Amino acid sequence: MKKFAALVIAAVAVLSLSVPAYAEVEVADESYYTRFQGQGKTLNVHNWGEYIADGSDDSLDVVKEFEELTGIQVNYTTFSTNEEVYARLRNGGANYDLLIPSDYMIARMIRENMLEKLDFSNIPNFRNINQSFLNPVFDPTGEYSVPYTWGTVGVIYNKEMVDEEDLGSWDLLWNEKYMGQILMFANPRDDFGIALKRLGYPMNPENTEQLAQATDELKKQKLLVQAYVMDEVFDKMIGGEAAIAPYYAGDAITMMVDNPNLDFFVPNEGTNRFVDAMVIPKGAKNKECAEMFINFLLEAEVGASNIEYIGYSSPNDAALAILPPEITENPVAYPPEDVIAKTEFWKDLSPELNLAVDDAWTELLSSDDQYSRWLVPVFLIVALGASITINVVRARRKRRERGMFGTNYPARRL
Amino acid sequence: MNSKSISAPYLLWMIVFILAPLLLVAYFAVTTPEGTLTMEYVSQVGEYTPVLTRSVWLAFVSTVICFLIAYPLAFIISRKSGAGQRSMIMLIMLPMWMNFLLRTYAWMTILEKNGLINRFLAHFGIGPLNMINTSGAVVLGMVYNYLPFMILPLYSIMVKIPDSLIEAAQDLGCNTRQVVTRVLFPLSVPGISSGVIMVFVPSVSTFIISRMLGGGGNLLIGDLIDLQFLGNAYNPHLGSAIALVLMVLILLCMSVTNQFGDEEKGGIL
């Protein structure tokens, strides 16, 4: 009898595993997802932090749904900068099947032959992607990447602290009236892009001359800047600590919810339009599983819940169709055509220009004239001299003391 | 013989996780990406002299402040009763149970323009004072985070100095100043030198404190190294060269302080 009960329990358990009670995602073609069922496959996904719906706040738990649907175990890890991903791949220590870095990093990875070409026959949902995202500048042949989210960079400002007539242009960030109330990005690409755009150059510098001019502008601006920040911008803007900050539109929406005094505009000189896209690195062990995951993320319902959770804009037409209008008609996330027309994508810079950007960035952040160049050499010599003197003096005294007492114990010198 | 076999795992650990990485840093610092020998990166570090000076200066200032706070405190604790000592040490350790980042983050909220201090001062019509995003805030962060590392070695050395020694010095005609300079200070030198190292070394290489409290506008040497590995240009060779110069600098400082410490070791009771 007991055995029978155990059997029933086991059967129920097996049944409940194979037909999960709450797997409610509607997928276009369910049979496509069952190919790897029961093969014990593992998929290593590397994505930005807080960049997928994870089941909190009544959202869909995307990773879990995928695991239940396909039987593929997902090993989900996060990163916080594109450069971190690059360094990890270069060091060769980590093994990933799917990455979601930004446009310029993808361009660089393509140039350095670090990415695998995608097999689009495994990604039927690619048809959901909006036409304007096909063959983007960072992936001109469109063979390596599938867009995940996009957004623009604009200026977030506090309506109570900024006068309305000052708005509209990047000049706001150089306005001396707001000295000490301006925040800037703590990453070189965005800051130099803004300075270049304000000078009337393309956001991707074409030569070191343009870069040098932008550096001068940023140096002048440094006196007005309160701090160079990334995610600290949330606290500082919501708390009213700073008045003005350039940041990503998707995050601006989040901030505006927490502090109704905040507003957002895209400067009329034009701005950067960024895309985070899914790519598969060279040497990925489970390429087909990764393509299956890409396809799953492109499902209308999955894409919609991700966008609801992240707050960035979606390149997925099917997802946009089922999202509520208060999201799809928000001009911050989905700016009108004339704004979009003036945006630029990031391009990959040549290695020389990349190096020049880094040099200029360090120069900007360490241009402090209080210290003279010879201080360190002098310090080194003095320290060396002191260390030698101490040694010599000590050795000499030890010898003398040993001579006096005929023992190894030095006498106390009080 | 037997002790040798016991120490083998430690030795292996040290070779794999301490010695090998150090050699790797040195190797990276003097080679190009293609693997040929070069001094280019090391000489390039000279460009960043202002950053280096600033880091050493800030670390020096915070070490001195730590010492000035910790020395009297350690003495006071060491003269307390057993229970008093235990609870005082406990209180000093208590903040360290919290995450380092969280503690630094809390200082952001305290020092900000709309922070706790300025809001309090506003009641009396003072302010707002500009405290965050200054070198002072960075030093404060260093002192706050590393103070326990100064107090603990000083305390553990002072607790071994018996009261009778101080009384004897007083009997023999020392005034308070002489008791401190001729008895207490020489006896506590080993504690001072290890305390100085424990505060100076992490202070000079920190990067998160300057980023959170210094506003990210003025780099420290730690930020610079971070930038080389996780920055736009990804240049581990230059990063290693900077790290190497920093290591040599620390080594120098340590050998200097060690000399002072060593000198008096024979005299410890």
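**Notebook: helix α3 of chain A and the cores**

I started with helix α3 of chain A and looked up what its buried residues pack against: β1 (42-48), β2 (73-79), β3 (98-99) and α4 (103-111) of chain A, together with α11 (221-230) of chain B. Before going on, I noted that this is a predicted model, where local features need pLDDT of at least 70, side-chain atom pairs count only at pLDDT 80 or more, and totals for chains, interfaces and linings use all residues. Residues are numbered from 1 along each chain as its sequence is written, while chains are lettered from A and ligands numbered from 1 in the order in which they are written.

My terms: helices (H or I, at least four residues) and strands (E, at least two) are DSSP runs, numbered from the N terminus. Buried is 20 or more other C-beta atoms within 10 Å of a residue's own, exposed is 12 or fewer, and partly exposed is in between, with C-beta atoms placed from the backbone. A contact needs two such C-beta atoms within 7 Å.

Which residues of α3(A) (82-91) are buried? I found A:N82, A:E83, A:V85, A:Y86 and A:L89. After α3(A) comes A:G92, with a positive phi near 70°.

**Two strands**

Next I checked β6 of chain A (225-229), and five of its five residues are buried. It pairs with β5(A) (182-185) in the parallel sense over four bridges; pairing takes at least two DSSP bridges. I spotted A:I182 opposite A:V225 in β6(A).

**The cores**

A nonpolar core is a set of buried Ala, Val, Leu, Ile, Met, Phe, Trp, Tyr and Cys residues joined through C-beta atoms within 7 Å. The largest one has 103 residues, and B:I221 is among those with the most contacts inside it. Helix α7 of chain B (135-158) gives the most to this core, 14 residues. Another core lies apart from it, with 57 residues, including A:A53 and A:L98.

I also listed what B:I221 touches, not counting residues up to four places away in sequence: B:V51, B:L52, B:S55, B:V204, B:S205, B:I242 and B:L246.

**Chain B overall**

How many helices and strands does chain B have? I counted 12 helices and zero strands. Of its 269 residues, 35% are buried.
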